[in-house]
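Dear colleague,

I am passing on the structure we spoke about, and you will find the sequence and the coordinates just below. My notes on what turned up in the model follow after that.

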Amino acid sequence: MDTKNPNKDFRTTPEYAEYQRENFMAEPEGRVPPFNTHPDKLEERAKERLTENGWYYASSNAGQSFTHLANRQAFYRHRIIPRTLVDTNKRDTATEIWGHKVSAPIGFAPIGINKIYHSLGELPVAKVAKELNLPYCLSTAGSQPIEDVGAANGEGPRFFQLYMPHDDELTVSLLQRAIDSGFSACILTVDTWQLAWRHDDVATSNYAFYKGIGQDLGTSDPVFQKRLAAQGIDAKKDPAKAGAKWIDNVWHGRAHSWEKIPWLVKTWKEMSGGKPFALKGIQSVADARKAVEVGCDGIVVSNHAGRQVDGAVASLDALEQIVDAVGDKTYIMYDSGVRGAADVFKALAIGAKFVFVGRLWVWGLSIMGETGVRHVMKSLLADFDILLNVAGYQNVGQINRDALESLPKAYSLIQERAKL
């Protein structure tokens, strides 16, 4: 916390650990920290601030939430082995992803319909990502036009997460808009051909698109506007019908197959001048190998944070097997279940090169908009910076499996879920 720490002389990034000092000094200076960033406290506060439908959409998982539980249990079985008497005054959190030098191996996962959580939707999130120099991923299910999100992100590194329509002209239009708006990679999500059965959402008819909320990314697309006109749908007069048509073009029961991926990779590469292409939602070794085979530059090992397949393998367990199989052949990223810096560290130690977080910043957005997102993500950066310091690691490159004691897979009885 010492503002004269010699660590500053060795860093290429801000000394994020100082955010701890800033919060400790708040009360003596007549201020208070914005809110408690413990994940449980974040959820409680977000639930207080959101509507019932907003809370349900943010918090609902597939089925009985068994995959969500497995994600958290998998993190617990890996324990960090701290090193001592390491000169962590020479410490830096920086890393690089696809040519972008960023503040830490932490990015903003793509999450749709941000207008559920805040009236400005994705715009304040993209702004904070640029400010912190962390990669921002925009979801195809985003609730702001691609161009506006790109402008809000400014010169920040940003990637476009694609839900591929069953309409090639529309797909190409979305990709072109992303390229024109400065998005430097395409990440295709492959685990969401249809929303999983999420009990709370179904029970409350809770689906924003069918109510005309959050489809601005789609209705601002020139090709989709042609599709609406052809059916006589006026998006301004009948936003619910336009929203339903938009999202029914993007997912809802019609799956793509591996045969489509070479076309998409080729199309993206030609349009973007060779920028990276990755698949998100990989959980099996066979699929990871197939992704390498068809020419993907990377994969995101993810189970959609437990929101798609109930009773699925924990994403962290999948990561371990996939790294062993193709870790030297492709750029492996991770998401699902991350709740703090220790989780980021563990995913990196197992072999991920980069980690995306989602629900943490969604809670922050829900609680206090731009200020909330900034507080959550600066706190996570501070947590990670401090963890490197107290665990004895000077940089991200030193984190490997030697940093962990990994216990055998042994999940507790499901009745224990209330204790997590």
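Leu 85 is exposed, with a relative accessible area of 87%, and please keep in mind throughout that this is a predicted model. The residue sits in the loop that runs between strand 1 (78-80) and strand 2 (95-97), and although Leu 85 is not a glycine, its phi is positive, at about 55 degrees.

A second residue of this kind is Ser 205, which has a positive phi of about 50 degrees although it is not a glycine. Ser 205 belongs to the loop between helix 8 (199-203) and helix 9 (216-219), and because its relative accessibility is 55%, and the cut-off for exposed is over 50%, Ser 205 counts as exposed.

Leu 348, by contrast, is buried, since its relative accessible area of 5% falls under the 20% that is taken as the limit for a buried residue. Leu 348 is part of helix 15, which covers residues 341-350. Leaving aside residues up to four places away in sequence, Leu 348 touches Pro 105, Lys 353, Phe 354, Val 355, Phe 384, Val 396 and Ile 399. As for Thr 88, that residue and Leu 348 are 260 residues apart in sequence, and their C-alpha atoms are 18 Å apart in space.

The remaining notes concern empty space inside the model. Rolling a probe the size of a water molecule over the atoms shows where such space is left. How many cavities of 30 Å³ or more does the structure hold? The structure holds one, and about 450 Å³ of space lies in the largest cavity. Of the 30 residues that line the largest cavity, Pro 110, Ile 111, His 304, Ala 305 and Arg 307 are the closest to its centre. Two or more lining residues are given by each of helix 3 (52-59), strand 11 (354-357) and helix 16 (359-391), and helix 16 supplies the largest share, namely three residues. Sorted by class, the lining of the largest cavity has 17 nonpolar residues, together with seven polar and six charged ones.

With best wishes

Key
Residues numbered from 1 in each chain as written. Predicted model: local features only at pLDDT ≥ 70, side-chain atom pairs only at ≥ 80, totals over all residues. Heavy atoms only, no water. Helix = DSSP H or I, 4+ residues; strand = E, 2+ residues; numbered from the N terminus. Buried < 20%, exposed > 50% of the residue type's maximum accessible area, 1.4 Å probe, protein only. Contact = heavy atoms within 4.5 Å. 1 Å grid on protein atoms, 1.4 Å probe; cavity = no way out; pocket = protein on both sides within 12 Å on 5 of 7 lines; lining within 4 Å. Points joined across faces, edges and corners; volume = space filled by probe spheres on them. Nonpolar A, V, L, I, M, F, W, Y, C, P; charged D, E, K, R; others polar.
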